[in-house]
Amino acid sequence: MRLRREPAIEIKTPAQIARMYAAGQVVARTLAALADAVRPGVATAELDSIAEREIRSAGAVPSFLGYFDYPASICASVNQQVVHGIPSHGQRLRAGDIISIDCGAILDGWHGDAAISVGVGEIDPADQALLDACEASMWAGIAQAVAGRRLGDISNAVERSVRGSGDYGLIREYTGHGIGTEMHMEPAVRNYGPPGQGPRLLTGMALAIEPMITRGGREVAELEDGWTVVSVDGSRAAHFEHTVAVTADGPWVLTALEGATSAAAERAGVRLSGRDPRTSATVGTRAEDRLATRAAPGGDGDVG
Ligand code: MF3
Ligand code: CO
């Protein structure tokens with residue numbers, strides 16, 4: 001008899017993780033193109049067009065478009081907007097702005113989801129520090145995506161990293177999430193909390209880890225458009241996200257662009273290079289790894 005029922009977390013086979021990697025690379029290439037396109041004068045709706053074109057030309061589908069009637073393929077959140085900003089023709093980027101771009105794609109039924117925050121032209125050093133602190137906290141969380149640890153170890157690592165970087169507002173209303181045959185799955189991945197708690201991490205799990213912080217307080221509000229989340233005190237915000245698989249070989253960052261290096265990842269001890277997608281997602285043989293809570297449906301996973 002089970003005394004306490006944990007919500008089911010989808011477990012992927014190595015072949016399925018490899019397919020998630022393919023989806024993740026579509027997202028990675030799209031975000032790289034968008035980072036390239038960010039400059040003063042660009043409208044956030046133009047970034048959205050670039051994203052939709054990149055995603056579809058890879059044979060994938062934008063996961064955000066139509067999700068709860070969301071009207072675009074990316075979220076573009078500028079300055080005091082934290083997440084879920086809707087791209088618009090009226091919003092043109094200006095030098096000194098900061099922008100978070102969040103992007104998701106479905107390839108062969110498997111999801112990738114990632115976000116970056118970047119400056120537009122030259123930015124305030126304090127804004128750059130905000131971006132760096134947010135990115136560092138994401139990598140600190142990713143470094144804990146290791147079989148045998150617990151979900152709370154990720155949450156705690158994110159929080160400790162943010163606290164160690166400065167006096168930032170750490171948003172609590174929005175979390176990361178499990179991901180695989182759907183964009184948002186169990187479990188919610190909080191960006192704060194005690195270590196050593198929550199479900200045990202098993203090889204074959206995939207998580208989107210996505211801290212959001214501000215230069216001010218942690219209170220956020222949703223605008224009347226029903227989507228855009230802003231900081232209540234108007235302080236500028238940052239948001240970073242990667243889709244990560246727990247493998248026998250450690251965290252595999254599925255949405256990190258193949259061949260790219262990252263000093264921030266290295267500082268957190270996360271290895272990005274030297275992965276072979278065909279062999280990397282080895283399933284462990286430890287007893288706890290065999291206690292998979294729920295297998296992904298459909299053999300090699302053909303979910304639309
Ligand atoms: N990608 C976001 C997340 O990280 C969700 C975007 S909401 C949507 O969870 F409606 F735009 F899809
Ligand atoms: Co996400």
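Which residues point one way from β3, and which the other way? I74, A76 and V78 point one way, C75 and S77 point the other way, and all are buried (20 or more other C-beta atoms within 10 Å of the residue's own; exposed means 12 or fewer, partly exposed is in between, and C-beta atoms are placed from the backbone). In a regular strand the side chains alternate between the two faces of the sheet. Strand β3 (residues 74-78) has 5 of its 5 residues buried, so it is largely enclosed by the rest of the structure.

A word on the model itself. It is predicted, so local features need pLDDT of at least 70 and side-chain atom pairs count only at pLDDT 80 or more, while totals for chains, interfaces and linings use all residues. Residues are numbered from 1 along each chain as its sequence is written, and chains are lettered from A and ligands numbered from 1 in the order in which they are written.

Overall, the chain carries 6 helices and 17 strands; these are DSSP runs numbered from the N terminus, with helices being H or I of at least four residues and strands E of at least two. Of the 304 residues in the chain, 49% are buried. Among contacts with a separation of 6 or more, 74% join residues 24 or more positions apart (a contact means C-beta atoms, placed from the backbone, within 7 Å).

Back at β3, the strand pairs with β5 (residues 98-107) in the antiparallel sense over 5 bridges, where pairing requires that DSSP finds at least two bridges between two strands. S77 has S100 as its bridge partner in β5. Also in β5 sits I99, which counts as buried because it has 25 C-beta neighbours inside 10 Å. Leaving aside residues up to four places away in sequence, I99 touches V38, A76, S77, V78, L93, S117, V118 and V120. I99 and A35 are 64 residues apart along the chain, with 9.8 Å between their C-alpha atoms.

Turning to the helices, α4 (residues 151-165) has 15 residues and should span 21 Å at 1.5 Å a residue; its end C-alpha atoms are 22 Å apart, which agrees. The expected span here is 1.5 Å times one less than the number of residues. Buried positions in α4 are L151, D153, I154, S155, N156, A157, V158, E159, S161 and V162. These pack against α3 (125-142), β7 (169-170), β9 (185-189), β10 (206-209) and β11 (212-214). Just after α4, G166 takes a positive phi of about 155 degrees.

As for α3, its 18 residues reach 26 Å from first C-alpha to last, close to the 26 Å expected at 1.5 Å a residue. Its buried residues are L130, L131, A133, C134, E135, A136, S137, M138, W139, A140, G141 and I142. The helix lies across β11 and β14, running at about 35 degrees to β14; axes are lines fitted to C-alpha atoms, for helices over the stretch in contact, and angles run from 0 to 180 degrees between N-to-C directions.

β11 and β14 belong to an open sheet of 3 strands, in the order β7-β11-β14, with antiparallel pairing. Its edge strands, each pairing on one side only, are β7 and β14 (237-239). β7 and β11 pair over 2 bridges, and L170 has I213 as its bridge partner in β11.

Another open sheet of 3 strands runs β4-β13-β12, again with antiparallel pairing. Here β4 (81-83) and β12 (220-222) are the edge strands. Neighbouring strands of this sheet are turned by 40 degrees against each other on average, direction ignored. β4 pairs with β13 (residues 229-231) over 2 bridges, and Q81 stands opposite V230 in β13.

A hairpin comes from β15 and β16, with 2 residues between them. The antiparallel strands β15 (residues 242-247) and β16 (residues 250-253) are joined by 4 bridges, and A245 stands opposite W252 in β16.

Then there is L202, in the loop between β9 and β10. L202 counts as buried because it has 20 C-beta neighbours inside 10 Å. In sequence L202 and I9 are 193 residues apart, yet their C-alpha atoms are 9.6 Å apart in space.

Finally, ligand 1 is surrounded by 13 residues, the closest being F64, Y67, Y70, D102 and D113 (a residue is near a molecule or strand if its C-beta atom, placed from the backbone, lies within 6 Å of it). The shell around ligand 1 has 6 nonpolar, 3 polar and 4 charged residues. In this scheme Ala, Val, Leu, Ile, Met, Phe, Trp, Tyr, Cys and Pro count as nonpolar, Asp, Glu, Lys and Arg as charged, and the others, Gly among them, as polar.

Definitions and conventions. Contact = placed C-beta atoms within 7 Å.
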